[in-house]
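Thanks for coming, everyone. Please look at the screen, and I will walk you through the fold step by step.

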Amino acid sequence: MNLPGFNIDNKFVISLRGKKNKVDAGKPYAYLVEKERMPSGHIEEISTIFLTNKACPFTCLMCDLWHHTTDYTVAKGAIPAQIEYALTRMPQTKHIKLYNSGNFFDAKAIPPGDHGAIASLLSAFDTVIVENHPKMTDRRIFDFRDKLKSKLQIAMGLETIHPGVLPLLNKQMNVDDFEKAVRLLLSQDILTRAFILLRPPFLSEEEGIVWAQKSIDFAFNCGVECCAVIPTRSGNGAMEVLESEGLFESPQIASLEQVQAYGIGLGKGRVFADLWDLEHFSNCSLCFEKRRMRMEMMNLEQMIYAPIVCSCQVGEPDQNQLKT
Ligand code: SF4
Ligand SMILES: [Zn+2]
């Protein structure tokens, strides 16, 4: 593991951030519908609304979600209006994710006075998924759950359980905080999904794979229902500095394939590979599309398909370790 020669703290991360994108607090900054395999085993459509609100108070080293945030708390009523805006423009689905570039239960991001109106707008959905920091796991979640007709699921960043890397991510959380949050939510019958980073900074490609797999093991042992593996990206300022210092390199597409197959093979819960911007992790146009399609099918079916064979594979992680 490579250690940085500088202090990683809020000041360091914030000082390297560039300009935010222009956002409108009257509208979500994006919304989309995609297919996802449900815990029931059915493949169903799920909506995601990316809400515009105040930036997350945590300043994780690898996070670029602040790009689409405001510097101020949005007015009461703005978040329900954003949800309404998206819902009237999207097809009806049974499940919805509200992702707010931070923590749904951060009162400075989403005014708690709006929770009732949000719950009413979501009354037709079977499942509502929101994201939240493990350290913000408390009564506020249960109060919101009590307002909902839908089943609530909480998505939380575990990132990595590597004991040297997690503190350097400036997540201001340890693995015990994560486990405590999962267990408390489970005791309240609230399912959780974990975000896990593939090859965070300071790790080699091989270490990145091993620690993503260990992090999946840990998440399932805590009681998480679903893991989403996210290849670590640059693009927030701090990550570019680490890249230039040789402390970070983007993972390869083959590593994501390997970790996805490992997680699905455990059979302990759903494991998804995050395929957004996937071409960034590939350097072969011959096999990229086939690999993307294979991973998409594996996300949907939660089965392991035969690896794609291509002349570019010399030096990649051993694909023969994947089951067919
Ligand atoms: S807690 Fe999540 S949203 Fe907030 S800075 Fe960290 S990764 Fe980004
Ligand atoms: Zn190839």
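The protein chain has ten helices and eight strands. Here helices (H or I, at least four residues) and strands (E, at least two) are DSSP runs, numbered from the N terminus. The radius of gyration is 19 Å, close to the 20 Å that the globule rule gives for 324 residues, so the chain is as compact as a globular protein of that length. That radius is taken over C-alpha atoms, and the rule is 2.2 Å times the number of residues to the power 0.38.

A word on the source. This is a predicted model: local features need pLDDT of at least 70, side-chain atom pairs count only at pLDDT 80 or more, and totals for chains, interfaces and linings use all residues. Residues are numbered from 1 along each chain as its sequence is written, while chains are lettered from A and ligands numbered from 1 in the order in which they are written.

Next, the overall size. Along the principal axes, the C-alpha atoms of the protein chain fill a box of roughly 55 × 45 × 35 Å. Of the 324 residues, 41% count as buried. Buried means 20 or more other C-beta atoms within 10 Å of the residue's own; exposed means 12 or fewer; partly exposed is in between; C-beta atoms are placed from the backbone.

Now the sheet. In what order do the eight strands of the open sheet come? The order is β1-β2-β3-β4-β5-β6-β7-β8, with mixed pairing. β1 and β8 (270-273) stand at the edges with a single partner strand each, so one side of each has no neighbour in the sheet. From one strand to the next, the twist averages 25 degrees. Two strands pair if DSSP finds at least two bridges between them.

Take two pairs. Strand β1 (residues 30-37) runs antiparallel to β2 (residues 43-50), and eight bridges join them. V33 stands opposite S47 in β2. The two strands form a hairpin with five residues between them, and G41 in the turn has a positive phi of about 100 degrees. Strand β5 (residues 151-159) pairs with β6 in the parallel sense, over six bridges. There, E159 stands opposite I196 in β6.

Helices next. Helix α6 (residues 175-187) lies across β5 and β6, at about 170 degrees to β5. Axes are lines fitted to C-alpha atoms, for helices over the stretch in contact, and angles run from 0 to 180 degrees between N-to-C directions. In α2, the buried residues are A78, I79, P80, Q82, I83 and A86. Their cover includes β1, β2 and α3. Contact means C-beta atoms, placed from the backbone, within 7 Å.

Now some loops. P91 sits between α2 (78-87) and β3 (95-99). Is P91 buried or exposed? P91 counts as exposed, because it has 8 C-beta neighbours inside 10 Å. R199 lies in the loop between β6 (191-198) and α7 (205-222). R199 is buried, with 26 other C-beta atoms within 10 Å. Its phi is near 50 degrees, a positive value in a residue other than glycine.

S101 is in the loop between β3 and α3 (115-121). S101 counts as buried, because it has 23 C-beta neighbours inside 10 Å. S101 also has a positive phi, about 55 degrees, although it is not a glycine.

Last, the ligand. Which residues surround ligand 1? They are C56, F58, T59, C60, C63, L65, S101, G102, H133, G157 and K171. The cut-off is a C-beta atom, placed from the backbone, within 6 Å of the ligand. This shell divides into five nonpolar, five polar and one charged. Ala, Val, Leu, Ile, Met, Phe, Trp, Tyr, Cys and Pro count as nonpolar, Asp, Glu, Lys and Arg as charged, and the others, Gly among them, as polar.

Definitions and conventions:
Two residues are in contact if their C-beta atoms, placed from the backbone, lie within 7 Å.
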